[in-house]
Amino acid sequence: MGAFNDVMENAKSAASTIGKKAALSADNAKLKLQITGIKHDIANAYKALGEKTYELICNGDFSENKIEKDISKIEELYSQLGCARALIDDNNGKKSDTGSCCGKNNCDM
């Protein structure tokens, strides 16, 4: 019976490990989807910034303070991107270049 118990314990352990890896894979897939969305948002934010800057220059009304909010939005999106990448690295047991979730204590990811 000892051999049977060992086989059962090994099977339970293997099932648990597989379950954990499946959950991590699902989490990483969600994060990768978020990363794709964030990259899309960054591209749109750059486009909007370019259009706004062009309009301001054409109207002779350009000043940095008129685009600060747009630049802050892009910086925040890059922060979210870094956070998502750091979470994937954490899930994969890799040390992230940006630290755990970009150094933020409460990541929204």
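Start by selecting the buried residues of α2: Asp70, Ile74, Leu77, Ser79, Leu81, Gly82, Cys83, Ala84, Ala86 and Ile88. Buried here means under 20% relative accessible area, with exposed over 50% and partly exposed in between (1.4 Å probe, protein chains only). Helices such as this one are DSSP runs of H or I with at least four residues, numbered from the N terminus. Part of what covers these buried residues is α1; contact means heavy atoms within 4.5 Å.

Two notes before moving on. This is a predicted model, where local features need pLDDT of at least 70 and side-chain atom pairs count only at pLDDT 80 or more, while totals for chains, interfaces and linings use all residues. Residues are numbered from 1 along each chain as its sequence is written, and side-chain values use heavy atoms, leaving out hydrogens and water.

Next, click on Leu81. Which residues does it touch, leaving aside those up to four places away in sequence? They are Ile35, Ile38, Lys39 and Ile42.

Now colour the largest nonpolar core, which has 13 residues. Such a core is a set of buried Ala, Val, Leu, Ile, Met, Phe, Trp, Tyr and Cys residues joined through side-chain atoms within 4.5 Å. Ile35, Ile38, Ile42, Leu77 and Leu81 touch the most other members.

Then show the rings of Tyr46 and Tyr78. A search of the whole structure turns up one aromatic pair, and this is the one: the ring centres are 6.4 Å apart and the planes sit at 65°, so it is edge-to-face. (Rings of Phe, Tyr and Trp, using its six-membered ring, pair if their centres lie within 6.5 Å; planes under 30 degrees apart are stacked, over 60 edge-to-face, the rest tilted.) Tyr46 is in α1 and Tyr78 in α2, 32 residues apart.

Last stop: salt bridges, each a side-chain nitrogen of Lys or Arg within 4 Å of a carboxyl oxygen of Asp or Glu. How many are there by this rule? Three:

- Select Asp70 and Lys52, with N to O at 2.9 Å; this pair links α2 to α1.
- Select Glu51 and Lys47, whose closest N and O atoms are 4.0 Å apart; both lie in α1, about one turn of the helix apart.
- Select Lys66 and Asp61, whose closest N and O atoms are 2.5 Å apart.

How values were computed
Helix = DSSP H or I, 4+ residues; strand = E, 2+ residues; numbered from the N terminus.
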